[in-house]
Amino acid sequence: MDASKGRHDLINMHVLFCFLDLRTLISSFPVILIRPQTTEGIWIARCTGIEPFTIVMDLEGTDGRERGEDGTLFEKQSALFAIALSDIMLINMWCHDIGREHAANKPLLKIVFQVMLRLCSPRKTTLMFIIRDTTRTPIEILDLDLRKDIKEIWDSVPKAEAHKHTQLSEFFNVEVVALSSYEHEEENFKKQVANLRQKFFQSIAPGGLAGDRRLVVPGSGFSLSAQNIWKDIKENKDLNLPSYRVMVANVRCEKIADEKYSSFAENQDWVDISEAVKSHPVADFGKKLSSLLEYCFSIYDEEVIYYEETVRSEKRKQLEERLMKLVQPATKLMLKYIRSERLDEFKGTFNNALKEGQGFEVAARDCTMKSMRLFDEQCKDATSYQAISDYTKIRDKLSHDLDLHITEVRAAKLNELSTQYEVKLNCSSNNLLSCEV
């Protein structure tokens with residue numbers, strides 16, 4: 001993949017599988033010129049010049065004689081592999097096989113349907129049937145006959161109670177394309193293939209060949225998913241796509257979360273804030289911190305959007321918890337600065353209110369309410385991501401400090417009044433003695 005394409009192309013990558021040899025469909029395919037068997041095994045390549053990022057896998061034909069009895073096993077394995085990974089499956093059919101009871105791809109198609117019915121939910125795969133070497137029979141008739149065959153195969157497949165009345169359209173979109181004979185009408189064949197290639201441009205957009213695909217494994221998890229699926233198929237295990245999606249999502253989302261955590265921790269803006277707050281309050285601390293955190297979470301959400309929702313949500317929550325622990329020390333320091341600032345301001349405001357002749361209890365109540373309100377407002381900004389678990393403790397400490405100061409001022413005022421009254425009483429006593437003399 002061209003690295004310049006960036007993250008979005010990787011995420012939007014999808015896979016289509018060919019059961020035929022349309023060499024002009026993907027210009028990067030290796031050309032095999034051995035006559036007996038055009039394709040051996042499974043070949044993979046990127047579709048050059050097609051957006052979004054699209055991978056094609058070319059599967060070995062189902063009717064080759066080279067593998068002998070083992071061929072049946074391999075064709076089933078490769079068919080299951082195709083089902084598990086592809087959004088679009090191209091199925092090559094000889095024109096004369098349509099309507100035949102034992103046409104080459106019918107057994108395989110039955111396997112495809114059986115496996116899809118075992119899954120927890122449909123993936124909405126597109127089945128594109130390529131009718132090769134068409135005759136004078138109109139394509140409309142071939143199309144009707146082929147769809148009739150497909151429906152009969154679908155109806156014949158045993159279904160669990162949950163899917164007893166499920167229609168084929170719930171699992172598959174069916175497309176039919178006709179191609180002329182390459183040997184007898186080469187130029188016409190090439191034009192038709194060129195037209196077919198155009199169908200794959202923007203294929204995942206609404207209305208495209210795979211526009212309504214579901215349960216997608218993003219391109220970044222493709223390699224891991226493919227390796228594990230093929231391993232289990234080779235070991236003859238039952239294919240379980242939902243568990244693979246969860247497995248891949250766990251691995252990829254956790255890796256992405258680790259990358260975002262490291263990126264945040266190394267971000268120079270965060271480093272500067274965390275260092276500065278150790279010595280003094282940082283202006284707009286909460287706003288700056290929130291901006292950094294929101295950016296980190298938005299990038300995470302963007303990169304994991306196509307993975308299993310439950311997994312990506314769980315990993316996001318874990319990322320939030322890790323980041324909250326990281327920023328907690330700096331946030332606690334900021335809250336302590338706010339508490340200290342509010343306490344100092346309260347002392348001045350309360351003292352001025354008393355000097356202006358305001359009643360002690362009224363002044364104490366009003367100044368306390370104002371200081372606590374301002375503290376809450378400032379802390380709401382500084383802890384907009386609930387990064388501090390000790391917020392209540394720090395608030396309680398401020399409330400306690402305010403009450404303590406009020407008590408000290410009250411004691412000082414009472415002591416001052418007591419002294420004043422004592423002086424007056426002494427003065428009055430002395431005056432009375434003078435009068436008696």
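# Legends to close-up views

**View 1. Helices α9 and α10 cross with a right-handed sense.** The model shown is predicted. Helix α9 covers residues 285-304 and helix α10 covers residues 309-355; their axes come within 11 Å and cross at roughly 165°. Angles over 145 degrees count as roughly antiparallel, so α9 is roughly antiparallel to α10. On the α9 side, the contact is made by Phe-285, Leu-289, Leu-293, Cys-296, Phe-297, Tyr-300, Asp-301 and Val-304. On the α10 side, it is made by Arg-312, Lys-315, Arg-316, Leu-319, Glu-320, Leu-323, Met-324, Val-327, Ala-330, Thr-331 and Met-334. Sorted by class, the contact of α9 with α10 has 13 nonpolar, one polar and five charged residues.

**View 2. Helices α8 and α9 cross with a left-handed sense.** Helix α8 consists of residues 268-276. The axes of α8 and α9 come within 10 Å and cross at roughly 150°. The two helices are therefore roughly antiparallel to each other. From α8, Asp-269, Trp-270 and Ile-273 take part in the contact; from α9, the residues are Phe-285, Lys-288, Leu-289 and Leu-292. The class count for the contact of α8 with α9 is five nonpolar, no polar and two charged residues. Phe-285 and Leu-289 of α9 are listed in the contact with α8, and they are also listed in the contact with α10.

**View 3. Asp-284 lies in the loop between α8 and α9.** This residue has a positive phi of about 55°, although it is not a glycine. Most residues other than glycine have a negative phi. Asp-284 has a relative accessibility of 47% and therefore counts as partly exposed.

**View 4. The loop between α9 and α10 holds Tyr-306, and Glu-309 is in helix α10.** Tyr-306 is partly exposed, with a relative accessible area of 35%. Glu-309 is exposed, because its relative accessible area is 54% and the cut-off for exposed is over 50%. Glu-309 and Val-246 are 63 residues apart along the chain, with 9.4 Å between their C-alpha atoms.

**View 5. Gln-202 sits in the loop between α5 and α6.** Helix α5 spans residues 186-198 and helix α6 spans residues 222-234. Gln-202 is not a glycine, yet its phi is positive, near 50°. With a relative accessible area of 46%, Gln-202 is partly exposed.

**View 6. A cis peptide bond runs from Glu-51 to Pro-52.** Omega of this bond is near 0°. Most peptide bonds are trans. Pro-52 is in the loop between β2, residues 42-46, and β3.

**View 7. Met-57 is found in strand β3.** The strand covers residues 54-59. Met-57 is buried, because its relative accessible area is 6% and buried means under 20%. Between the C-alpha atoms of Met-57 and Trp-43 there are 5.4 Å in space, and the two are 14 residues apart in sequence.

**View 8. Thr-166 lies in the loop between α4 and β6.** Helix α4 covers residues 139-156 and strand β6 covers residues 172-178. Thr-166 has a relative accessibility of 17% and so counts as buried. Leaving out residues up to four places away in sequence, Thr-166 touches Trp-154 and Phe-171.

**View 9. The whole chain, for orientation, has 12 helices and six strands.** The chain has 437 residues, of which 43% are buried. Its accessible surface comes to about 23,800 Å², and carbon and sulfur atoms account for 52% of that surface. Of the contacts between residues at least 6 apart in sequence, 74% join residues at least 24 apart.

Note on methods: Residues are numbered from 1 along each chain as its sequence is written. This is a predicted model: local features need pLDDT of at least 70, side-chain atom pairs count only at pLDDT 80 or more; totals for chains, interfaces and linings use all residues. Side-chain values use heavy atoms; hydrogens and water are left out. Helices (H or I, at least four residues) and strands (E, at least two) are DSSP runs, numbered from the N terminus. Buried means under 20% relative accessible area, exposed over 50%, partly exposed in between (1.4 Å probe, protein chains only). Contact means heavy atoms within 4.5 Å. Accessible areas come from the Shrake-Rupley method with a 1.4 Å probe; for residues, only the protein chains shown count as cover. Axes are lines fitted to C-alpha atoms, for helices over the stretch in contact, and angles run from 0 to 180 degrees between N-to-C directions. Angles under 35 degrees count as roughly parallel, over 145 as roughly antiparallel, 65 to 115 as roughly perpendicular and the rest as oblique. A crossing is left-handed if the near helix is turned anticlockwise from the far one by less than a right angle, and right-handed if clockwise. Ala, Val, Leu, Ile, Met, Phe, Trp, Tyr, Cys and Pro count as nonpolar, Asp, Glu, Lys and Arg as charged, and the others, Gly among them, as polar.
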